[in-house]
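Biologist: I would like to learn how to read a few features from coordinates. Where do we begin?

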There are 4 protein chains.
Amino acid sequence: MTIRVTVWGENVHEQKNKVVAEVYPKAIHGTIAAALNADPNIQATTVTLQDIEHGLTAEKIAQTDVLIWWGHAAHGDVEDKIVERVTDAVWGGMGVIFLHSAHFSKPFKRLMGAPCNLTWREAGERERLWVTSRQHPIAQGLPDHFELETEEMYGEPFGVPEPLETVFISWFQGGEVFRSGLTYRRGAGNIFYFRPGHETYPTYHNSTVQQVISNAVKWAYNPQARIANPNDAPNTSIDIALEPLVERGARLHHDGEKGFR
Amino acid sequence: MTIRVTVWGENVHEQKNKVVAEVYPKAIHGTIAAALNADPNIQATTVTLQDIEHGLTAEKIAQTDVLIWWGHAAHGDVEDKIVERVTDAVWGGMGVIFLHSAHFSKPFKRLMGAPCNLTWREAGERERLWVTSRQHPIAQGLPDHFELETEEMYGEPFGVPEPLETVFISWFQGGEVFRSGLTYRRGAGNIFYFRPGHETYPTYHNSTVQQVISNAVKWAYNPQARIANPNDAPNTSIDIALEPLVERGARLHHDGEKGFR
Amino acid sequence: MTIRVTVWGENVHEQKNKVVAEVYPKAIHGTIAAALNADPNIQATTVTLQDIEHGLTAEKIAQTDVLIWWGHAAHGDVEDKIVERVTDAVWGGMGVIFLHSAHFSKPFKRLMGAPCNLTWREAGERERLWVTSRQHPIAQGLPDHFELETEEMYGEPFGVPEPLETVFISWFQGGEVFRSGLTYRRGAGNIFYFRPGHETYPTYHNSTVQQVISNAVKWAYNPQARIANPNDAPNTSIDIALEPLVERGARLHHDGEKGFR
Amino acid sequence: MTIRVTVWGENVHEQKNKVVAEVYPKAIHGTIAAALNADPNIQATTVTLQDIEHGLTAEKIAQTDVLIWWGHAAHGDVEDKIVERVTDAVWGGMGVIFLHSAHFSKPFKRLMGAPCNLTWREAGERERLWVTSRQHPIAQGLPDHFELETEEMYGEPFGVPEPLETVFISWFQGGEVFRSGLTYRRGAGNIFYFRPGHETYPTYHNSTVQQVISNAVKWAYNPQARIANPNDAPNTSIDIALEPLVERGARLHHDGEKGFR
């Protein structure tokens with residue numbers, strides 16, 4: 001089993017901001033992909049906002065088992081038709097991991113159906129992540145807590161739906177808390193949100209953070225075939241009903257019709 | 001306490017289809033509103049797709065505690081800016097009830113972040129709804145099950161996220177099942193999906209169906225003030241941090257900045 | 001509508017420990033009940049471990065809409081038959097609020113089906129509770145966060161099932177976090193766990209804490225009739241089947257039998 | 001990876017009832033184990049109620065990755081100390097699958113904290129199970145629905161907590177529905193309830209049922225080390241606090257104390 005991961009990077013601050021470029025000479029997406037590729041069961045590649053179709057062509061999506069998304073400064077530049085392609089793929093069974101500021105990315109907001117807002121502070125403060133679900137696959141190999149000495153603060157209330165499971169909660173030096181690891185399922189797709197990763201700090205070089213992302217890839221991976229049309233709403237006509245039926249009342253539709261959308 | 005309900009009706013088949021017009025001479029929205037107004041604690045009004053801004057002006061939304069949505073043939077005609085106004089209001093605390101074919105309406109799909117698809121058959125078959133959450137407020141006053149002699153079939157798999165609670169599950173004569181009553185919360189807004197109500201059958205004249213909708217209105221009502229800006233993501237600058245902090249590391253933002261979207 | 005609340009107090013440390021007696025001259029249960037009785041819609045009484053049947057006779061339970069439970073030093077002294085009476089009542093629709101060290105009480109453990117363990121430290125440190133579900137009924141009237149200057153620390157991982165909703169998360173001065181407000185439903189009963197309230201600190205004199213408990217009482221209250229036998233598993237014999245059936249195969253039971261337990 | 005499964009069989013009706021003995025000459029537990037052992041990744045053994053410590057010695061539990069439980073006529077004969085051993089193991093990470101009438105078994109009731117009741121009818125009627133969570137690991141390889149021509153009916157309301165996920169819902173010929181596949185997590189243990197399997201019908205010889213149980217074993221398996229003491233509630237004394245603390249206020253406990261239970 002090899003899990004094919006595509007790491008999507010916005011790739012804006014890495015090109016424009018000197019500090020970010022120094023922290024991430026391979027860019028954020030390159031750093032994450034390199035860490036994942038240390039695992040023989042994962043084959044990670046990268047694409048960016050600047051690529052044709054943001055790198056997420058139909059072919060690329062078809063070859064992606066798990067998509068990782070990092071974006072911050074250019075959420076609005078992502079084309080809606082690509083967002084729709086991504087959400088369709090998730091509904092069909094592609095796993096997806098949203099990192100840090102991707103809480104405001106178009107695909108995350110679409111999949112959550114919620115404001116996804118929070119409070120924030122950029123002060124390089126200490127963040128301590130606590131495992132709230134012991135022996136959860138995404139926390140495999142981790143201690144009960146781990147620290148990131150300098151991170152951006154994200155604070156509650158975090159405007160997301162109740163998750164399936166809360167895996168991590170963060171403590172911040174300045175006095176806030178945040179649900180930092182949350183699992184969801186939409187259609188056949190497993191979704192994980194993971195908080196850390198402000199671009200001016202070396203978070204994605206941290207081995208525990210890398211371990212979490214690697215664990216999440218394996219958790220999110222759905223080995224079953226992608227659902228071809230995850231939006232299909234088939235008419236089951238009377239002649240193929242599983243139990244004997246006699247039609248009654250008036251009809252709006254004829255057999256096999258597609259219905260309204 | 002009076003709960004202000006706005007019943008949104010698509011009002012297409014009632015105008016174009018003779019059968020529907022005969023079953024619902026007051027239209028579907030009018031029938032539902034009339035039933036709700038029998039309750040002294042509810043004040044229901046109606047608006048339709050054909051009204052200016054589909055009847056959902058900023059003023060009307062501000063005066064709506066719970067919105068009820070019925071649509072089928074013209075989901076695509078609902079303007080995106082109105083959909084956004086509705087979802088913003090839900091996130092801010094407006095309750096919303098989606099009925100039957102509204103599973104494919106724009107606001108429901110936006111709030112679910114999922115395909116919301118299903119299988120269906122229009123044969124006027126028997127539907128029996130079972131209460132799956134005893135003494136749930138939405139099932140108040142109901143027996144363990146009730147029947148609708150002629151209804152459209154909706155079948156699983158229903159492409160929605162796991163709900164907070166499953167309140168009803170339907171049995172269909174032709175052999176299918178469906179999760180017919182589901183609760184969600186998005187932002188501060190309570191959401192209820194209720195399955196029955198194909199327009200060629202007299203479902204909304206059924207007193208038990210009316211009881212469920214009335215119960216759901218009371219359940220969905222959030223008496224607290226609407227959140228003014230449910231998408232706000234305030235910067236909490238260092239000088240107002242709750243615990244003493246010393247800034248470290250590089251910054252992308254300056255104090256009080258709005259951040260990226 | 002008057003909600004009848006019974007506050008159950010263990011009443012051990014209030015009698016034995018001088019500090020606790022000074023902080024709570026009316027005992028913890030008395031302090032909580034007095035605060036609740038300031039609300040005209042609530043009628044709170046108290047019972048204690050030392051009362052006959054721990055004060056929870058069948059009559060008292062029948063007259064209790066919402067039970068509040070505070071215990072710490074004597075969980076093991078609560079008789080199993082009383083625990084069973086409490087859980088049966090919860091399943092039948094009685095609301096229940098577990099406070100602080102009641103995480104290890106028998107009825108909470110029975111209702112959770114989980115270890116309910118945590119880490120802890122008694123150092124009189126600062127606790128800051130953050131609202132994680134905006135405009136939730138239990139957070140009504142509260143700011144986004146509030147502080148308790150001296151409290152015992154409870155830390156994650158908290159060994160409870162995923163809740164229906166996480167309403168509060170605590171930040172602790174010493175570096176831990178904790179899910180401090182959690183909602184559950186078991187049978188027809190609404191359950192709320194609320195973390196604060198170590199007996200050597202004046203937590204239950206705090207007006208915001210009192211507000212949360214009062215809100216939780218209203219949230220937990222189920223106005224519907226208590227289910228008489230919440231454990232009933234009735235046999236639905238063939239002659240009363242809702243759809244026509246012909247018996248097939250061998251049987252173990254005869255009609256109307258009680259079945260095995 | 002080999003998953004060690006222990007199939008626990010009550011083994012009463014197989015010995016006493018002629019019909020059951022004919023349907024299951026290897027007994028129910030033997031039939032299930034044989035089917036699982038066809039999978040090279042699973043190593044299944046069996047134990048029964050009649051074995052010493054019901055076959056669930058500390059050693060056997062330590063060597064069990066996933067426990068499968070079938071019981072019906074003799075729930076009350078299972079010793080409480082064995083039940084406690086089982087629930088402790090689940091909390092520590094052992095997977096567990098409860099089949100059919102095990103809804104009223106002691107360990108299931110303990111883990112659910114709920115009445116677990118339902119309605120039932122023994123008429124050999126048709127059951128059709130619908131997948132409600134597409135591409136869920138437990139439904140891997142299954143069509144959208146499958147049928148069991150003769151089964152006992154279980155009907156809603158099913159007195160269990162809201163699950164993490166609803167995987168199957170059953171349609172019954174006599175007019176009822178039932179949530180037939182439900183996932184839970186308690187502590188580090190994954191729990192699956194699967195409805196079919198009345199002992200007078202050949203359900204466990206059905207290849208789709210066998211596939212579901214095999215899928216569920218893989219889903220429930222937690223490869224991480226079993227938590228040694230899943231009930232531990234360690235005191236985190238001030239001297240090892242993660243952030244600097246100065247003790248304040250009065251104490252009940254001294255450093256490193258075990259606390260109250």
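Biologist: What span should the 14 residues of helix α7 of chain C have?

Modeller: This is a predicted model. The expected span of a helix is 1.5 Å times one less than its number of residues. For α7(C), residues 207-220, that gives 20 Å, and the end C-alpha atoms are 20 Å apart, so the two agree.

Biologist: Which residue caps the N-terminal end of α7(C)?

Modeller: A polar contact is a pair of N or O atoms within 3.5 Å. Here the cap is C:N206, with a side-chain oxygen 2.8 Å from the backbone nitrogen of C:T208.

Biologist: Which residues in α7(C) are buried?

Modeller: Buried means under 20% relative accessible area. In α7(C) the buried residues include C:V209, C:V212, C:I213, C:W219 and C:A220. C:S214 and C:N215 are buried too.

Biologist: In chain A, at what angle do helices α3 and α7 pack?

Modeller: Angles of 65 to 115 degrees count as roughly perpendicular. Helix α3 (residues 27-36) and helix α7 (residues 207-220) of chain A pack at about 70 degrees, their axes 10 Å apart. α3(A) is therefore roughly perpendicular to α7(A).

Biologist: Which residues meet there?

Modeller: From α3(A) come A:I32, A:A35 and A:L36; from α7(A), A:Q210, A:I213, A:S214 and A:V217. By class, this contact has 5 nonpolar, 2 polar and no charged residues.

Biologist: Is A:T48 buried or exposed?

Modeller: A:T48, in strand β2 (residues 42-48) of chain A, counts as buried because its relative accessibility is 9%. Beyond its neighbours within four places in sequence, A:T48 contacts A:W8, A:G9, A:N11, A:H29, A:H54 and A:G55.

Methods
Residues are numbered from 1 along each chain as its sequence is written. Chains are lettered from A and ligands numbered from 1 in the order in which they are written. This is a predicted model: local features need pLDDT of at least 70, side-chain atom pairs count only at pLDDT 80 or more; totals for chains, interfaces and linings use all residues. Side-chain values use heavy atoms; hydrogens and water are left out. Axes are lines fitted to C-alpha atoms, for helices over the stretch in contact, and angles run from 0 to 180 degrees between N-to-C directions. Helices (H or I, at least four residues) and strands (E, at least two) are DSSP runs, numbered from the N terminus. Angles under 35 degrees count as roughly parallel, over 145 as roughly antiparallel, 65 to 115 as roughly perpendicular and the rest as oblique. Contact means heavy atoms within 4.5 Å. Ala, Val, Leu, Ile, Met, Phe, Trp, Tyr, Cys and Pro count as nonpolar, Asp, Glu, Lys and Arg as charged, and the others, Gly among them, as polar. Buried means under 20% relative accessible area, exposed over 50%, partly exposed in between (1.4 Å probe, protein chains only). A polar contact is a pair of N or O atoms within 3.5 Å; within protein, one must be able to donate a hydrogen and the other to accept it, and residues adjacent in sequence count only if both atoms are side-chain atoms.
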